[in-house]
Amino acid sequence: MLKVDHAGENGAVHIYAGQIFLARLTAPGLVAELAGYKADEERHRSVFWAELQRRGRPQCKSYWLCGIGGFALGLVTGAFGRRAIAATTVAVERVVLGHLRRQIDALREKDDEAARTIESIVLDEQQHHDDSAAHVTDDSLWSRVLSPVVQSATEVVIWIGMRA
């Protein structure tokens with residue numbers, strides 16, 4: 001589980017990197033917020049990497065795929081501006097939060113330390129979701145069109161990572 005979380009955080013870092021790259025032109029008012037999210041994701045990635053190293057585990061085979069796919073998603077959504085960027089964050093975080101909460105439940109009795117590590121990250125992810133949700137409405141074009149695609153893609157990446 002921690003390997004997939006580490007790869008997912010790498011994907012998130014790269015989503016924000018791609019979005020920041022284009023948001024300078026399409027949504028300059030979001031750049032500082034996105035940079036803060038990126039910094040949080042970099043810290044999360046480091047936390048998961050430290051946990052993997054402590055356990056003597058390698059990174060997930062999907063680590064680089066998540067980074068490349070994340071950057072591509074960030075560029076595409078960044079090109080469409082503020083609402084597309086926000087809708088993407090809401091969609092990704094909705095899936096990630098569900099995934100992390102299921103992990104916490106599964107780990108609580110088996111590895112309480114891993115559960116506490118994941119819990120420490122959930123608060124940041126929830127904040128990213130909530131802040132981004134304030135920039136977009138559920139009935140917007142981006143929420144109706146982009147959200148299902150991004151949510152499905154995120155679920156697929158997690159599914160692949162859990163089996164890699």
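1. Terms first. Helices (H or I, at least four residues) and strands (E, at least two) are DSSP runs, numbered from the N terminus. A pocket is an open set of points on a 1 Å grid over the protein atoms alone, where a 1.4 Å probe fits, with protein on both sides within 12 Å along at least five of seven lines. Lining residues have an atom within 4 Å of a point.

2. Basis. The model is predicted: local features need pLDDT of at least 70, side-chain atom pairs count only at pLDDT 80 or more, and totals for chains, interfaces and linings use all residues. Residues are numbered from 1 along each chain as its sequence is written, and side-chain values use heavy atoms, with hydrogens and water left out.

3. Largest pocket. Its volume is about 520 Å³, a volume being the space filled by probe spheres set on grid points joined across faces, edges and corners. The lining has 32 residues. G8, I15, V92, T154 and V157 lie nearest the centre. Two or more lining residues come from each of α1 (2-26), α3 (63-79), α4 (82-107) and α6 (141-163). α1 gives the most, with nine.

4. Its lining by class. There are 17 nonpolar, 10 polar and five charged residues. Ala, Val, Leu, Ile, Met, Phe, Trp, Tyr, Cys and Pro count as nonpolar, Asp, Glu, Lys and Arg as charged, and the others, Gly among them, as polar.

5. Second largest pocket. The volume here is about 210 Å³. Of 14 lining residues, M1, L2, K3, L52 and R57 are closest to the centre. α1, α2 (31-55) and α6 each supply at least two. α1 has the largest share, three residues. The lining divides into nine nonpolar, one polar and four charged.

6. Aromatic pairs. Rings of Phe, Tyr and Trp (its six-membered ring) pair if their centres lie within 6.5 Å; planes under 30 degrees apart count as stacked, over 60 as edge-to-face and the rest as tilted. The count is two. One of them joins Y63 and W64, edge-to-face, at 4.9 Å centre to centre and 90° between the planes.

7. Exposure of that pair. Buried means under 20% relative accessible area, exposed over 50%, partly exposed in between (1.4 Å probe, protein chains only). Y63 counts as buried because its relative accessibility is 8%. W64 counts as exposed, at 56%.

8. S132. This residue is found in α5 (residues 112-133). S132 is at 2% relative accessibility, so it counts as buried. Leaving out residues up to four places away in sequence, S132 touches E33, Y37, A86, T89 and V90 (contact: heavy atoms within 4.5 Å).
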